[in-house]
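Please read these notes with the sequence and the model side by side. They are written for someone new to protein structures.

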Amino acid sequence: MSTYKVELVTPYIKDEMFNKLKSKVKFERKANIHGACVKLLTDNEDYKEEWEDNFKFMNEDIRPHAKIFSVEDDGQLQVLYEPISKTCIIKNCDYYGWIKSIALAAISDFFEEYHSEHRRYSTHGSAVDCGGHSLAIIGPSGTGKTTLTYGLLQYDDFNYISDDWFFTRLFNNGAVIYSSEKNSYIRDDLAQVWEKFSEEVNRVKLDNKGRGIADVNTLFKGRVRETSTLKSVVLLERNNSNPPFRKLDPVEALNFMVENDFCNPHQLVRDQRKLHIRKTFFQNLFQTVDVYLLNTIETPLESLRRIKNLVI
């Protein structure tokens, strides 16, 4: 699926556009994303309901750290971001998946600018837990991240943390990761690969892109975790010229992330300063955990077998 383009705007332009479009807003909801508050303002009732199902609730008396403003004005898709106030104006978007990803990206931008002893960083990837240790899966779109994540979750030894985005806190001797969403935004073809999830997937109300919010507590029946100690990272590629699986050193792993734009199409700000921040984070992370490169040219089951025992 092609993605959107982000146009950076000044506070003046943001205020001007907001004043023109604010009369269209019918719903306002706040979400708690890893302790930060992001506010959705929209004219779309479906987006409001999906947002409520997707994210944890945030008290109304908490002021937002970021705002997502999504409305229709009969024009073309447009995504504008004002980085000082962390405000994103999205016009004519017909896909909730981008709304929620932009919200996560805005909070990620906030965390990159928030300084504390142990900073929080975001990663566009999935994570599963096994006995208090976790495995993260990161890869460019189309390499099988979601398929492998749910493949691991077929087994009772594995617990769900996130299938799309997680946050990381680095310590001197390790890394702890945290979930980002309350529930999972799944694809309707998931059950075609892993039949175990067919009954639950059939219950999900799907949108016009064949996706919907699934209750993870129903999907995984008590196997949901909000935090875990990161032990291993699996990077994904799909390249017939390369071997199916190998371990990487920290330099190789960092080069892979930089070459693949950090496997994250939802970066709202891309400049040399942000590049340095993101490179420094992954450089430090890869010195802390084991990193592997999985080439998903094999069947999902064969790929799954290669990584299943990395955290057991």
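1. Basis of the notes. This is a predicted model, in which local features need pLDDT of at least 70 and side-chain atom pairs count only at pLDDT 80 or more, while totals for chains, interfaces and linings use all residues. Residues are numbered from 1 along each chain as its sequence is written, and side-chain values use heavy atoms, with hydrogens and water left out.

2. The open sheet. Seven strands form an open sheet in the order S1-S6-S7-S5-S3-S2-S4, with mixed pairing. Strand S1 (6–8) and strand S4 (56–57) stand at the edges with a single partner strand each, so one side of each has no neighbour in the sheet. Strands here are DSSP runs (E, at least two residues), as are helices (H or I, at least four residues), both numbered from the N terminus. Two strands pair if DSSP finds at least two bridges between them.

3. A parallel pair. Strand S3 (residues 36–42) and strand S5 (residues 66–71) run parallel and are joined by five bridges. Within this pair, Leu 40 has Ile 68 of S5 as its bridge partner.

4. Strand S13 and its partners. Strand S12 (residues 166–171) runs antiparallel to S13, with six bridges between them, and a hairpin of two residues connects S12 to S13. S13 also pairs with strand S16 (residues 227–237), again in the antiparallel sense, over three bridges. Tyr 178 takes part on both sides: Tyr 178 is the bridge partner of Phe 167, and Tyr 178 stands opposite Thr 227 in S16.

5. Burial of S13. Six of the six residues of strand S13 (residues 174–179) are buried, so the strand is largely enclosed by the rest of the structure. Buried means under 20% relative accessible area, exposed over 50%, and partly exposed in between (1.4 Å probe, protein chains only). In a regular strand, side chains alternate between the two faces of the sheet. In S13, Gly 174, Val 176 and Tyr 178 point one way, and Ala 175, Ile 177 and Ser 179 point the other.

6. Helix H4. How many of the eight residues of helix H4 (residues 145–152) are buried? Seven are, so H4 is largely enclosed by the rest of the structure. The buried residues include Lys 145, Tyr 150 and Leu 152.

7. Helix H2. Glu 49 lies in helix H2 (residues 45–54). Glu 49 counts as partly exposed because its relative accessibility is 30%.
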